[in-house]
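Visitor: Hi! Could you walk me through this one?
Guide: Happy to, here it comes.

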Amino acid sequence: MDMSQSSNQSTGKSEKYQYNRNGFIITVVLMSMTLPSAALFAYFGYKNQLLPLFVPAALLILTFFFDFFPLSLIRQGRANLAMTILSAVFFIDVASVLFVAQGFGLIGAASIIMVTLSIAGLAMTPNYFTRGVAAALVLGFAAVALDAALTAERIRLPQLETYSTYIAAVIAAPILLILLREFNKFNLQVKITLGILFTGGIVVATIVLFGLERANAIVNSLSGRFEANIIEQTEARISSVVQIEAEKSDSLFSETTHDLLGIAEYLSALEEQTDQFAGGVYWNAEENIFQLSRGQYGNSNSDPASIFIPNTYILNERMLADLNTAIHLDFLSPGFLDTHSEVVALYYISPLGYTIYYPNIGLAQAVPPDFDPVQEPFYTIAEPRNNPMRQPRWTEPYQDPAGTGLIVTLSVPVYTKKGLFKGVVGADLQLTRIAESISNIKLAESDFSILLDEHGHILAMPEQGYALFGLESVEIPVNESPEQTVLDTPHEDLKPIAEYIAVNASGITSVTINDESAYLVISSLETTGYKLVTFAPENELNREIVASRASIENDIQTAFQGAALILAILFIGALIVSLWVGQIITRPMKRLTGAVEQIAGGDLTARVQVESQDETGTLARSFNAMADRLSQTLQGLEERIAERTNELEKISQSNAYRAAQFESIARISRTISSTQSLDALLPQIARTISAQLGFYHAGIFLLDAHKEYAVLVAANSEGGQRMLERNHRLRVGETGIVGFATRSGQPRIALDVGLDAVYFNNPDLPETHSEIALPLKIGDEIIGALDVQSTEPNAFSQEDISILSTLADQVSIAIQNSRSYQQSQEALKQAELTARQLSEQQWSQLLKRQSIAGYHFDGVEARQLEASQAAQQENSLSIPLVLRGVKIGALKLSPTDPARTWDEDEIAMAKATAERTALAIENARLLQDAQKRATKERAIGEISAKISNLANLENILQTTLKELGRTLPGTDIAIQFTSENSGDNNRAGE
């Protein structure tokens, strides 16, 4: 007896030592991996600037030092408590990783289950094994559920996931070695359980991981094709937009060229009739040209054009006669300038030395008296010696001396029909207006465009462009051409891009700027050879790719979460099955005894499962027969209770289904009421109906303008998306139940599509077994149909028809409201744009006629300001006068004290005053225009009244001349009659 007790004590001490040793090894293994894991998270957090990754890194470092406490407990013989603390700390570490990063649910759950089971089975006494298994399952499932429940905005780093898998494998290796060493010491039930778990777990994990890997490869392949297609479409779209803008800008140059050629032909025609015009009937140069103080010749500023003759030329009869002929440009030039707003000046330079310049800016006083236009490039490039082909020629862009900015001159030679060179007609085009139209190109939020001449000089570039190429905007001297090019960039990484722009005349390519990809699009202006260059970031243009990548990542993440859940469930099932098999093999009699005790205690439902043909099987069958006889008396009552329970369950399910439908209708109604754009509304309705009501396919058809076809405009299913891509349509009244519903205005149901004669067999929706189509009506007008399809036969009940009919009415109203809203918004925008353009045009004309720069009040009196006096003083407050979005002036407040600071109340008062001033000025301008029109109408009426009472031709003519002379003082008025022959001659000359 003493020997037996001594042997038991020796065995107990040996087992305790074994548990302590295993616990010590497991603790050391976990401690050895905390520091590398912390360094891994800290490295990726620092490299990718992800601060949340430092949280698990810091927690792992703290865990390393805290694990010395479980080691101390193990040395004290308290291994169970030490292992419990170690399991809890390990779960906290894994949970901290799940909170900041996604993709660790599966590996985290596997690690928790592995560590917890190893601790319970190898380092704790047997009475803790069952609780350890339960804890492992609960904690593993909790890790999977936590990863699935947390939001998708967490950090996702595939490299970190890979390294974490290696860390888990390193932890598992020594634990497996301990397990193999201790395997023979386990009882039969544990061996069977571990064998089933190991073999089944490997098989299941291999299949799941292989399936996920193949699915991931297929998804990546399909997404790559989708991204390539989107990129191709994006490149085609932006190339088209830039080309259209280039053609639009080039049309300004080409139209100007065409019209200026017409003026040159008009001058040539005038030269053919010099004999008729040389006498100065319309305008006599001999009377209207006078010599200025410095020897040059000019004319009055009231004439339509400026005349300038340098003091280096002699005024002679030939020049005067030629001037009298060429001055007939007055009849075309103002209209040309009005038609071409980008043209700031139109002029004719004669080889005789005179210049006719439109508009009249007092050219003789504005230029040096010896300035000879015949020697300037805009004349010499069109001369016969430099232009033998007599083609229109463009000058290099240069800074306008008149202060209008960067301009370019179009020079067209003028020849008579006999080939005699008669001079050059030129037009100055303001490039800033063309640059403004180019700046309106908007492919993305942060794109920009630049305009270069044929030699690569910068003609127009926004601040973004200068900042990108590291250049400073250079002030171009008067009459000088731009010299700066993109090749001047100091950034070496931009040199290849600049060279590409300089070499290529057109094309599109992808470049990398500041570690970001961007599209570079080049298009040429054929008339001038200028280049339009546009930069657009790829990430803004390829939003669909970014969204697709995010969607794919979410799908993959969902698949991994599902896989983790499946593995967890399979592991739990395998564990249960293994325990069950072990119990069958090792303890059949114990189960039989337990059943007998249950029967003795009054539980007549207890039965023993017959699993073999041996003695235990025979005994089990006899026991079950006895139990069956005892339970027959209660069987009838149990059946009735079961039937009543089934009825109650069916009623409860029906009520729950109806409540769910009404809740879904409410959600769909909220979706409809929250969206006003028809393009966004219809797809959202289709998706919401399918998601909320659980149908396979939901589509919305709208009738075309002729009400001949029902056109599919929105669908949620994959087949519906393919139908949308090919513009799927059904003929009204002829094709399918949708055609029936759109013709009759009544719902049509196919509970079994195979038996319905009207049903249209759609290859894009092969899984359809039942379908319902409900008309969309506004009043009595049918505008389309709502088509809902299900994969189940007989899927639509009468309640479904009522609910979907109500939903169809709501969809109809939503479509009508969306259409009305879009029409009203478009009308409002058009009205505002028209009012703004009209106001801008009227104020532009008024400011051209207005010679006063403004008014100034010095505290005593208000006085007029000239243009040279409108300078901005230091520390002054300038408030723009804005009318319908158009700036018409500014209200400037200048303090007497330069150190004064304007407070918010003063600024608010100045803004309010500026608003009311703008309205008052507008009212005054409208009143002035009305008075002018009234004066003009009154003068016309008086003249008409006086000459209408006269019957004599001479009296009529004299009265007309006299009244016009009184109305237009300082004007020579003549009425000249021409004979029929002279008129024919004139027409022949024309």
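**A chat about contacts and cores**

Visitor: What does N20 touch, leaving out residues up to four places away in sequence?
Guide: N20 touches I74, G77 and A79, where contact means heavy atoms within 4.5 Å. This is a predicted model, where local features need pLDDT of at least 70 and side-chain atom pairs count only at pLDDT 80 or more, while totals for chains, interfaces and linings use all residues. Residues are numbered from 1 along each chain as its sequence is written, and side-chain values use heavy atoms, leaving out hydrogens and water.

Visitor: Is N20 buried or exposed?
Guide: N20 is buried, with a relative accessible area of 17%. Buried means under 20% relative accessible area, exposed means over 50%, and partly exposed is in between (1.4 Å probe, protein chains only).

Visitor: And where does N20 lie?
Guide: In helix α1, residues 2–47. Helices (H or I, at least four residues) and strands (E, at least two) are DSSP runs, numbered from the N terminus.

Visitor: New topic: which residues touch the most other members of the largest nonpolar core?
Guide: They are F253, L260, L346, Y354, I356 and V425, out of 55 residues in that core. A nonpolar core is a set of buried Ala, Val, Leu, Ile, Met, Phe, Trp, Tyr and Cys residues joined through side-chain atoms within 4.5 Å. Helix α8 (residues 188–271) gives the largest share of this core, nine residues. There is also a second, separate core of 40 residues, including V29, L53, A82 and I167.

Visitor: How many aromatic pairs does a search of the whole structure find?
Guide: The search finds 13. Rings of Phe, Tyr and Trp (its six-membered ring) pair if their centres lie within 6.5 Å; planes under 30 degrees apart count as stacked, over 60 as edge-to-face and the rest as tilted. F253 and W394 make an edge-to-face pair, 5.2 Å centre to centre with 80 degrees between the planes.

Visitor: Why does that pair tie together parts that are 141 residues apart in sequence?
Guide: Because F253 lies in helix α8 and W394 in strand β6 (residues 393–394). F253 itself is buried, with a relative accessible area of 0%.

Visitor: What about F65, buried or exposed?
Guide: F65 is exposed, with a relative accessible area of 54%. F65 sits in helix α2, residues 54–66, and ring pairs link F64, F65 and F68 into a cluster.
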